[in-house]
Amino acid sequence: MIISHKHNFIFLHIHRTGGTSIARSLLPYLGEKDEVYGYTHDHEILSDNNRSKNLKGGSGQRHEQGRLPWKHSTAVWAKRHVGTRRWNQYFKFSFVRNPYDIYLSLYFWWMKSKGKWDPSPEGYIEQYREIKKMSFDQYINSNYSWEYNLLDFLCVDKKQNQTTDPLGNLDIKTDLDFIGKYDSLRLDFSYLCGKIGLPNLTLSRENESRPLDKRPHVSSILKTEKARGRIRKKHDLELDFFEYNMDYNEYATMWEKYMM
């Protein structure tokens, strides 16, 4: 997460959505008083220390989301941190990705990283030892799979923001001013740079869990109806709203140009 008081914006970083590439492109343009959680060694330490303190109950609950901001703070906690006035005044943005592929990317990240970060978060090595024994379907059905959904990062009050338009189509009124998509990352990021008053910055590939030309389509590795059903049940609103499904292929030829 980045909170820029110099440029009056808040960037919410959803797991596995190209956020590191975006953040590192923005870093050279930030001010001395801007808040950065993650992306450089020192800022990763700050983010991880805050996350660890939240897990120990310092925020009033034993969960990584809490009073202290960190790299993947959700909309609820980001707003509590900056306050209602700044939340309403600042330009808030994030980028989303097909939930099916978020799970796929996280699974391969576990296998590649073996639970090691720099600095290494508490308990991740032990989690990896369990996850490495699992197939992708088993991972989806386990307690180690992604515990969030996209709306956690896009809406302060999810129930309040779920409505339908006159034709009965789902309409989610998010609390963000711009939501880019991973499959049009470069194009949407160019638009974003204009909105926050920065030049058209270049994106680089960061934290890739596997080479682009070796990325399987999720349908080839997600085998059981139980696993598919768990994702659909958990992410039904956002799959509908963003028009994502398991057949969607974000690795199509057209997609690659957006990350060059």
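**Reading helix packing and ring pairs**

Modeller: Welcome! The chain has 11 helices and seven strands. Keep in mind that this is a predicted model.

Colleague: Thanks! How much of the chain counts as buried?

Modeller: Of its 260 residues, 51% are buried. As for contacts, among those with a separation of 6 or more, 69% join residues 24 or more positions apart.

Colleague: Let's turn to the helices. What describes two packed helices?

Modeller: Two values do: the angle between their axes and the distance between the axes. Here, take helix H5, residues 99–113, and helix H6, residues 124–131. They pack at about 110 degrees, and their axes are 10 Å apart. That angle makes H5 roughly perpendicular to H6, because the range for that word runs from 65 to 115 degrees.

Colleague: Which residues of H5 and H6 meet?

Modeller: From H5 come Trp109, Trp110 and Met111. On the H6 side, they meet Tyr124, Gln127, Tyr128 and Ile131. Sorted by class, this contact has six nonpolar residues, one polar residue and no charged ones.

Colleague: Now the rings. How many aromatic pairs does the structure hold?

Modeller: There are 15 aromatic pairs. To read one, look at the distance between the ring centres and the angle between the planes. Phe11 and Phe93, for instance, lie 5.2 Å apart centre to centre, with 20 degrees between the planes. This pair counts as stacked because planes under 30 degrees apart get that label.

Colleague: Where in the chain do Phe11 and Phe93 sit?

Modeller: Phe11 belongs to strand E2, residues 9–12, while Phe93 belongs to strand E4, residues 91–96. The pair links distant parts of the chain, 82 residues apart. Both Phe11 and Phe93 are buried.

Colleague: Is the pair of Phe91 and Phe93 stacked or tilted?

Modeller: Phe91 and Phe93 are tilted, at 6.3 Å centre to centre and 40 degrees between the planes. Ring pairs also link Phe9, Phe11, Phe91 and Phe93 into a cluster.

Colleague: Why does Phe91 count as buried?

Modeller: Its relative accessibility is 17%, and buried means under 20%. Phe93 is buried too, with a relative accessible area of 0%.

Colleague: One more feature: which charged residue lies over the face of Trp70?

Modeller: That is Arg51, at 5.9 Å from the ring centre. To read such a case, check how far the charged group is from the ring centre and how it lines up with the ring normal. In another example, the charged end of Lys181 sits over the ring of Tyr244, 4.6 Å from its centre.

Notes: Residues numbered from 1 in each chain as written. Predicted model: local features only at pLDDT ≥ 70, side-chain atom pairs only at ≥ 80, totals over all residues. Heavy atoms only, no water. Axes fitted to C-alpha atoms, helices over the stretch in contact; angles between N-to-C directions. Helix = DSSP H or I, 4+ residues; strand = E, 2+ residues; numbered from the N terminus. Parallel < 35°, antiparallel > 145°, perpendicular 65-115°, else oblique. Contact = heavy atoms within 4.5 Å. Nonpolar A, V, L, I, M, F, W, Y, C, P; charged D, E, K, R; others polar. Phe/Tyr/Trp six-rings, centres within 6.5 Å; stacked < 30°, edge-to-face > 60°. Buried < 20%, exposed > 50% of the residue type's maximum accessible area, 1.4 Å probe, protein only. Lys NZ or Arg CZ within 6 Å of the ring centre and 35° of its normal.
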